[in-house]
Amino acid sequence: MAWPKGVPFSDAHRAKLSASKKGNIVTAEHREKLRIANTGNKHSAEVLDRMKGRPWQQESLSKLSAGMTGEKNHRWRGGRKHKRDHMLIKSPGHPNADANGYVCEYRLVAEKTLGRYLTREEVVHHINGDETDLTPENLLVMENQQAHARLHSQLQQVSYDLVKLGIIVFDEENGYQVAAVIAARIARRF
Ligand SMILES: [Zn+2]
């Protein structure tokens, strides 16, 4: 939300702002707020309220059906749109497209590699955790969500092993991070 021009920040708001800039730990709650702010509804509660009570006019309904969708829509984005860290691709006729006809790009890449459609149960795991990395080596097709969850538990256990080995360190200011000495060694290849 843009701050209205000419309205000074209150002391409380200013304190919140500076507090939010201190420290690197982003809580899960804050991250969820950010996610909603970045992806969610752009309308204010007031505008939404006004829209709610308003009936569709016959004219706008026929405009919609007369080609305000798909490529004729001025908001057409080439059939690509963001969802968190990955892209959704408009895929007409795809057996597992969502209600709007979109499929996750990384699922399409995995399907191309396998030479078949994924089942609805199959889940694609990103081996390095980077959802934007679509190289086939980074995509692992898991049989179902249960198998996928097992892999994530394993990764978590390995992380704790690294904490015990001192490769990952924890402090209250920064949370978990790779120990500086290890990071430096990796940077200069030991
Ligand atoms: Zn995963």
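Predicted model: local features only at pLDDT ≥ 70, side-chain atom pairs only at ≥ 80, totals over all residues.

Student: Overall make-up, then. How many helices and strands are there?

Tutor: The chain comes to seven helices and seven strands. Read from the N terminus, the order of elements is α-α-α-α-β-β-β-α-β-β-α-β-β-α.

Student: What share of the chain is made up of buried residues?

Tutor: Buried residues account for 4% of the 190 residues. As for contacts, among those between residues at least 6 apart in sequence, 20% join residues at least 24 apart.

Student: Turning to the sheet of three strands, what is its strand order?

Tutor: The order is β1-β2-β3, the pairing is antiparallel and the sheet is open. β1 (80-83) and β3 (102-104) are the edge strands; each has a single partner strand, so one side of each lacks a neighbour in the sheet. From one strand to the next, the twist averages 35°.

Student: How many bridges join β1 to β2?

Tutor: Four bridges connect β1 with β2 (residues 86-90), and the two strands run antiparallel. Within this region, Lys81 lies opposite Leu88 of β2.

Student: Which helix packs on that sheet?

Tutor: Helix α5 (residues 105-114) does, touching β2 and β3. The direction of α5 makes about 70° with that of β2.

Student: Next topic: β6 and β7. How many residues lie between them in the hairpin?

Tutor: Three residues lie between β6 and β7 in that hairpin. The strands, β6 at residues 168-171 and β7 at residues 175-178, pair in the antiparallel sense over four bridges.

Student: Which residues of β7 stand opposite Ile168 and Asp171?

Tutor: Ile168 faces Val178 across the pair, and Asp171 stands opposite Gly175.

Student: Now the helices. How far does α6 reach from its first C-alpha to its last?

Tutor: Helix α6 (residues 145-165) has 21 residues and reaches 30 Å, close to the 30 Å expected at 1.5 Å a residue. Just after α6 comes Gly166, which takes a positive phi of about 80°.

Student: And how many of the residues in α6 are buried?

Tutor: The count of buried residues in α6 is zero, and the helix is hardly covered.

Student: What is the count of buried residues in α7?

Tutor: For helix α7 (residues 180-187), the count among its eight residues is zero, and α7 is hardly covered. Arg189 follows α7 and has a positive phi, near 55°.

Student: Why do residues three or four places apart in an α-helix point the same way?

Tutor: An α-helix has 3.6 residues a turn, so residues at that spacing point the same way.

Technical notes
Residues numbered from 1 in each chain as written. Expected span 1.5 Å × (residues − 1). Buried ≥ 20, exposed ≤ 12 C-beta atoms within 10 Å, placed from the backbone. Pairing = 2+ DSSP bridges. Axes fitted to C-alpha atoms, helices over the stretch in contact; angles between N-to-C directions. Contact = placed C-beta atoms within 7 Å.
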